[in-house]
Amino acid sequence: ISCAGSSESTVAVSTSSRSDSKERKKTAATAPPAVTHKNPLFVITAVILMPYALYNAYLYLFLQHPELISFLYPTIRPAVKVHDSRQLLIVGTISSGTSQVAQDLKNNLGLEIGHENAETSWSFVRDGTVSWFHGIRYIPRPGMDVNVKTNNSGGENISFLSQVKDLCRELQPQMGFHPFMFRDGKCSLRQSWGDCWRGECEDIVQEEWGCGLRSRNDKRDDNKLHQRRDDCETPFNKVLHQVRHPLRTIESLVAKFCIGGVEGKVQPSFLIFANALFPQHNFSEMSCIEAAGYYVDEYNSAIVGAREVGIDDQFQVEEATPCQIAKAAGFMDSDSVYSPSRDRVLKVCNSESSNSAANQLMKSTENRYNKGLVSLHWEDLLGGKNGSRKKAGDDDLQKRIKRLTRNLGYDATL
């Protein structure tokens, strides 16, 4: 009896197991798929950081180590390092149209031109640079290249290092300057400013300030000393001075840096740079028009004064075409730095179509701060007007700007 009972029990269990198995399979077949939860950090990394990493890898290969991919691109351009020559440097005061010129040379002639950027290891600026701050190469160092006293009651002598520290104490992004625009240094780009960048800034400014006024000897491949016309870290084959009518430049500066209009306050960042570069003036005590005017006069006068030692030519931005600038810059010469750039410029500029943008006067499309906001006349430069603290009728600034206007080739009577 016990054996029979065991057999029945076994059959019952077996039948029950088969029934449960079928039920589980049926449930599994009709159940929705399991939901897998991805880590949000992984998604962010994939969507944002991966393209960024790929782009940096692209720059690393094409700009820093093109030899690694030369088997794919036999005509790839060699790397251009900080000490290697570039064809062109254009210097011009803020609001003289430097951003427009950089864009036109790049877009219309296919050149690698940077605006306020000469750093070639991470940027395609290997043909040259258009910059206001690179003009510091041709500004005499106060207390070293020229004896200057501050324009205040004490009249103490200027310390060059103190002026350097004033420029580098804090980041002033409104002024279009950062040490990285000169070279890829030792500081992390993840930090916009700090002790590292401050030190890098001081090193670069000390090296660059007035370097275009000093010559030096370089030892080249032939192991002989060759005299260079400047003492700057990065050499340029040609240096051009870009000018704009001084009154129009002052108008744009007022629109850009004056808080509250022509009688308003000058932006602190502009005062820091102007006082550091030209300490013979006390820009902090000036009206907005006066601060802009004296800056325009001092900057352009310094560049004009460097024509015999480091400036190759000058052009008026209102009357220049991209092809004319390229010709003055030596891009069409047989000894230009990079022959493919020369061939490209010649092809565009020598084309039969004189109506191409490269052969037309440039039109202002970049950084148009003064869209009819400020219009100045010669009498606006007199003392006692537009917030000026000078004696009524003081004509020192007016005389300076008229003289500069004539020196730059403009009609000072208009």
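The legends below describe close-up views of a predicted model.

**View 1. Strand S3 and its two parallel neighbours.** Strand S3 covers residues 128-131. Strand S1 (residues 86-91) pairs with S3 in the parallel sense, over 4 bridges. Within this pairing, Leu 88 has Gly 128 of S3 as its bridge partner. Strand S2 (residues 113-115) also runs parallel to S3 and is joined to it by 3 bridges. Here Gly 114 stands opposite Thr 129. In a regular strand, side chains alternate between the two faces of the sheet. In S3, Gly 128 and Val 130 point one way, while Thr 129 and Ser 131 point the other way. All of these residues are buried.

**View 2. A salt bridge between distant parts of the chain, Arg 183 to Glu 233.** The closest N and O atoms of Arg 183 and Glu 233 are 3.1 Å apart. Arg 183 sits in the loop between helix H4 (160-168) and helix H5 (195-208), and Glu 233 in the loop between strand S5 (225-228) and strand S6 (236-243). The two residues are 50 residues apart. Both Arg 183 and Glu 233 are buried.

View 3. Arg 248 counts as partly exposed because its relative accessibility is 30%, whereas Glu 251, with a relative accessible area of 7%, is buried.

**View 4. The salt bridge of Asp 166 and Arg 169.** The side chains of Asp 166 and Arg 169 meet at 2.9 Å, N to O. Side chains of opposite charge can pair when their charged atoms come close. Asp 166 has 29% relative accessibility and so counts as partly exposed. Arg 169 is also partly exposed, at 43% relative accessibility.

**View 5. A network of salt bridges.** Arg 77, Glu 112, Arg 126 and Asp 127 are linked to one another in this network. A search of the whole structure finds 20 salt bridges.

**View 6. A nonpolar patch on the surface.** The patch is formed by Val 43, Val 47, Ile 48 and Leu 49. Together these residues have about 360 Å² of accessible area. Leu 49 lies in helix H2 (residues 40-64). This leucine counts as partly exposed because its relative accessibility is 45%.

Definitions and conventions: Residues numbered from 1 in each chain as written. Predicted model: local features only at pLDDT ≥ 70, side-chain atom pairs only at ≥ 80, totals over all residues. Heavy atoms only, no water. Salt bridge = Lys/Arg side-chain N within 4 Å of Asp/Glu carboxyl O. Buried < 20%, exposed > 50% of the residue type's maximum accessible area, 1.4 Å probe, protein only. Patch = residues over 30% accessible without salt bridge, like charges linked within 9 Å, V, L, I, M, F, W, Y side chains within 5 Å. Areas by Shrake-Rupley, 256 points an atom, 1.4 Å probe, with all protein chains shown as cover. Pairing = 2+ DSSP bridges.
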